[in-house]
Amino acid sequence: MATATIPLTSLAHGAGCGCKLPAAALLPIVRQLGVTADERLLVGSDTADDAAVFRLSDELALVQTIDFFTPIVDDPYDFGRIAAANALSDVYAMGGTPLIALNVVAFPLEQLGVEVLGEILRGGADVVAAAGAVIAGGHSIDDPEPKYGLSVTGVVHPDEVFTNAGARPGDALVLTKPLGVGAISTARKRGRSDDPQLLERAVGVMADLNAAAAVAARAAGASAVTDVTGFGLLGHLHNLARASGVAAVIDADAVPAIDRVLELLDADGEPAVSGGSRRNREHAAAFTTFADHVAPGRIRLLCDATTSGGLLVAVPEAGAAQLPGPVVGRIVAGEPGTLHVR
């Protein structure tokens with residue numbers, strides 16, 4: 001197995017999905033583009049959903065997504081696994097089955113070497129294969145900052161699409177993976193944490209596919225689904241609530257955290273808060289109120305710029321127990337997109 005002589009994260013200005021453009025800047029631009037007037041486009045960019053859905057027939061629709069980012073870990077194979085799981089997650093968040101993927105590569109080949117790139121691609125291929133899909137090619141460019149991800153195409157029945165726009169007051173909110181991977185990566189990059197077990201837990205969370213969670217969401221009768229990535233839990237819940245025309249309440253202490261990550265987030269000086277997470281907190285201030293008793297570390301967790309996070313599922317209360325994760329809040333009537341953390 002190849003190991004990069006230069007740590008991959010040292011070449012990246014951001015880590016994983018934390019390198020996303022800020023939601024506060026990006027979403028208004030996307031919304032200005034308008035809505036594509038084609039009745040075959042079942043899900044486009046207007047609701048800030050996880051992937052596009054295009055109807056081919058009364059029985060079949062395509063799910064299309066692309067996702068790539070800078071390294072969040074130094075191990076090339078793990079970087080590939082995480083990036084692939086993250087890209088596939090968008091298809092699962094729409095209720096689809098992934099079929100085919102194309103690699104997206106930006107890489108300093110002369111600096112890092114072909115062996116390191118090979119390990120990244122091998123990691124991605126292994127996770128795509130585990131999802132029952134195939135990699136059929138891709139595109140690469142020379143770039144001093146490494147980046148890797150996938151364009152993924154899946155299928156879904158047009159009547160069985162999950163979107164972020166169907167949540168109803170009274171729905172429970174379930175989160176299927178714990179938060180904190182951004183904080184762990186940031187603390188390591190800044191030399192504030194060298195715990196190998198903590199890193200191992202983070203890698204395990206990020207490389208885990210959301211396939212089983214998507215199956216469970218369907219069985220539970222989910223009304224809206226999204227996945228939690230670079231905009232943090234609050235940012236993605238805001239998009240879901242806004243698209244659904246509802247508000248939401250989050251129980252801060254119910255939100256699952258990777259074991260020991262709150263120790264990093266509670267530390268003075270915010271050593272585990274990345275630039276992306278800080279921007280998420282600033283963005284959340286426009287639509288979120290916080291109860292006075294909510295601890296600062298918990299607020300940082302809710303804004304953590306996550307990579308390959310779990311599904312956030314709005315589901316009727318009776319179905320919540322069928323999902324692999326805790327109830328973290330509720331959908332309520334109110335100003336669309338507004339959140340209250342208690």
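Visitor: Buried means under 20% relative accessible area, exposed over 50%, and partly exposed in between (1.4 Å probe, protein chains only). Which class does glutamate 270 fall into?

Guide: Glutamate 270 is partly exposed, because its relative accessible area is 26%. Keep in mind that this is a predicted model, where local features need pLDDT of at least 70 and side-chain atom pairs count only at pLDDT 80 or more, while totals for chains, interfaces and linings use all residues. Residues are numbered from 1 along each chain as its sequence is written, and side-chain values use heavy atoms, with hydrogens and water left out.

Visitor: Thanks! What does the side chain of glutamate 270 meet in a salt bridge?

Guide: Its partner is arginine 278, at 3.4 Å from N to O. A salt bridge here is a side-chain nitrogen of Lys or Arg within 4 Å of a carboxyl oxygen of Asp or Glu. Arginine 278 is partly exposed, at 35% relative accessible area.

Visitor: Is aspartate 195 buried or exposed?

Guide: Buried, because its relative accessibility is 16%. Arginine 260 is partly exposed at 40%.

Visitor: And what does aspartate 251 pair with?

Guide: Aspartate 251 forms a salt bridge with arginine 342, at 2.4 Å. Aspartate 251 is in the loop between β9 and α9 and arginine 342 in the segment after β13, so the pair links parts 91 residues apart in sequence.

Visitor: Changing topic: where is alanine 333?

Guide: Alanine 333 is in the loop between β12 (327-332) and β13 (339-341), and it is exposed at 66% relative accessible area. Its C-alpha is 5.5 Å from that of proline 169, although the two are 164 residues apart along the chain. Beyond neighbours within four places in sequence, alanine 333 contacts Pro169 and Ala247 (contact means heavy atoms within 4.5 Å).

Visitor: Last one: what does serine 244 touch?

Guide: Leaving out neighbours within four places in sequence, serine 244 is in contact with Asn164, Ala165, Gly166 and Ala167. Serine 244 belongs to helix α8 (residues 232-244) and is buried, at 15% relative accessibility.

How values were computed. Helix = DSSP H or I, 4+ residues; strand = E, 2+ residues; numbered from the N terminus.
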